[in-house]
Number of protein chains: 2
Amino acid sequence: MTASQPSTTAEELRGAGLRVTAARVALLDTVRDGDHLDVESIASGVRDRVGHVSLQAVYEALYALTAAGLVRRIEPAGSPARFEGRVGDNHHHVVCRSCGAVADVDCAVGEAPCLDASDDHGFSIDEAEVIYWGLCPGCSTTRSS
Amino acid sequence: MTASQPSTTAEELRGAGLRVTAARVALLDTVRDGDHLDVESIASGVRDRVGHVSLQAVYEALYALTAAGLVRRIEPAGSPARFEGRVGDNHHHVVCRSCGAVADVDCAVGEAPCLDASDDHGFSIDEAEVIYWGLCPGCSTTRSS
DNA sequence: TTCGTTCTCTTGAATGATTCAGGTTTATGA
DNA sequence: TCATAAACCTGAATCATTCAAGAGAACGAA
Ligand SMILES: [Mn+2]
Ligand SMILES: [Mn+2]
Ligand SMILES: [Zn+2]
Ligand SMILES: [Zn+2]
């Protein structure tokens, strides 16, 4: 009864200073179960779990959870924002130029910032984001065959 | 008279299979003189040189010149597309989180792709794009002072 | 020089992701 | 139980970019 169990999704939300609502629990679960989902996909995942939720609420919740560090937002050029539950480890992504598929790539160097700029122009850099562009297995066989 | 002089902007356009128009010469010059300009800035630079040009024509020309490899497009998350004349050398960028300022960073490793993914997930990678995020000199003094 | 083809440019409308606005409901802790 | 701020709702607005389709112009061939 008094034990502090491994934190549930609800407890994580509360721990981040956010209120616990069915929609936000469902949203965090959806993002974590998914794989770099876009906002529409997240909204439909949330609705599958708890019924109607406005797209607006999804945007607001994603903003709040991103600010709280519970989810991470990535935005490859030319595609809408995508969200993932893997946070705090400065990993990178491969993106398919043809179909937009995204996959994780561990950081080749170490912690963030994982790369030193050769000349930082006086900027104080806090993150090095790497996107590898290419073709996913499916798209490259389609093209070459 | 018969000499093949160092190529002019016009000759470069022709060499890329594009027609030579005042607007496109002006556009290429504008992009080269500028420093990671956005579309509006390019349009106004072009207009300063040759008078009225529709924004649509600017978009189309940028598309054509990008496809031809004469200009390069970058699109940091959260800001409109920017274009530059420095092409073919796989360099990277530092972007200010506060004001959006962009500066060049030479590739730390070598040719494109300058980085090997630790696990490419079967993707055939042709480019590694790196964006260093931080604060420019101006924005960081503003915040810390 | 003239022509025809195709590229380029134009105006005007449409898209689509995201954000803004303002009002209502609800979680939370006092 | 209550007050308050957070969360949520509907509806409208923004903004960069793209789509459409007709008019104009570059340029290689005749
Ligand atoms: Mn990831
Ligand atoms: Mn550059
Ligand atoms: Zn693909
Ligand atoms: Zn700045």
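**Exercise 1. Find which residues L28(A) is in contact with, leaving aside neighbours within four places in sequence.**

Step 1. Apply the contact criterion, which is heavy atoms within 4.5 Å. Leaving aside those neighbours, the partners of L28(A) are T9(A), L13(A), L65(A), L70(A) and V71(A).

Step 2. Note the kind of model. The model is predicted, so local features need pLDDT of at least 70 and side-chain atom pairs count only at pLDDT 80 or more, while totals for chains, interfaces and linings use all residues; side-chain values use heavy atoms, with hydrogens and water left out. Residues are numbered from 1 along each chain as its sequence is written, and chains are lettered from A and ligands numbered from 1 in the order in which they are written.

Step 3. L28(A) belongs to helix α2 (residues 22-33) of chain A. Helices (H or I, at least four residues) and strands (E, at least two) are DSSP runs, numbered from the N terminus.

Step 4. Check the burial. With a relative accessible area of 0%, L28(A) is buried. The term buried means under 20% relative accessible area, exposed means over 50%, and partly exposed lies in between (1.4 Å probe, protein chains only).

Step 5. E12(A) is 16 residues from L28(A) along the chain, and their C-alpha atoms are separated by 9.7 Å.

**Exercise 2. Describe strand β4 (residues 92-96) of chain A and its pairing.**

Step 1. Look at the burial. Five of the five residues of this strand are buried, so β4 of chain A is largely enclosed by the rest of the structure.

Step 2. Sort the side chains. H92(A), V94(A) and C96(A) point one way from β4(A), while H93(A) and V95(A) point the other way.

Step 3. Find the partners, where two strands pair if DSSP finds at least two bridges between them. β4(A) pairs with β5(A) in the antiparallel sense over four bridges, and V94(A) stands opposite A103(A) there. β4(A) and β6(A) run parallel and are joined by four bridges. In β6(A), Y132(A) stands opposite V94(A) and G134(A) is the bridge partner of C96(A).

Step 4. Look at the hairpin of β4(A) and β5(A). Five residues lie between the strands, and G100(A) takes a positive phi near 80 degrees.

**Exercise 3. Give the order of the open sheet of six strands and say which strands stand at the edges.**

Step 1. Write the order. The strands follow β5(A)-β4(A)-β6(A)-β6(B)-β4(B)-β5(B), with mixed pairing.

Step 2. Read off the edges. The edge strands are β5 (102-105) of chain A and β5 (102-105) of chain B; each has a single partner strand, so one side of each is left without a neighbour in the sheet.

Step 3. Cross between the chains. Strands β6 (residues 124-135) of chain A and of chain B run antiparallel, joined by eleven bridges. Across this pairing, E127(A) stands opposite W133(B), and V130(A) stands opposite V130(B).

**Exercise 4. List the donors of the manganese ion (ligand 1) and of the zinc ion (ligand 4).**

Step 1. Donors are N, O and S atoms within 2.8 Å of the metal (3.2 Å for Na, K and Ca); water is not among the atoms, so sites may look incomplete.

Step 2. Take manganese. H36(A) (NE2), E84(A) (OE), H91(A) (NE2), H93(A) (NE2) and D104(A) (OD) coordinate the ion at 1.9 to 2.3 Å. Among them, H91(A) and H93(A) are both buried.

Step 3. Take zinc. C96(B) (SG), C99(B) (SG), C136(B) (SG) and C139(B) (SG) lie 2.2 to 2.4 Å from the ion. Their spacing along the chain is C-x2-C-x36-C-x2-C.

Step 4. C99(B) is partly exposed, with a relative accessible area of 46%, whereas C139(B) is buried, with 12%.
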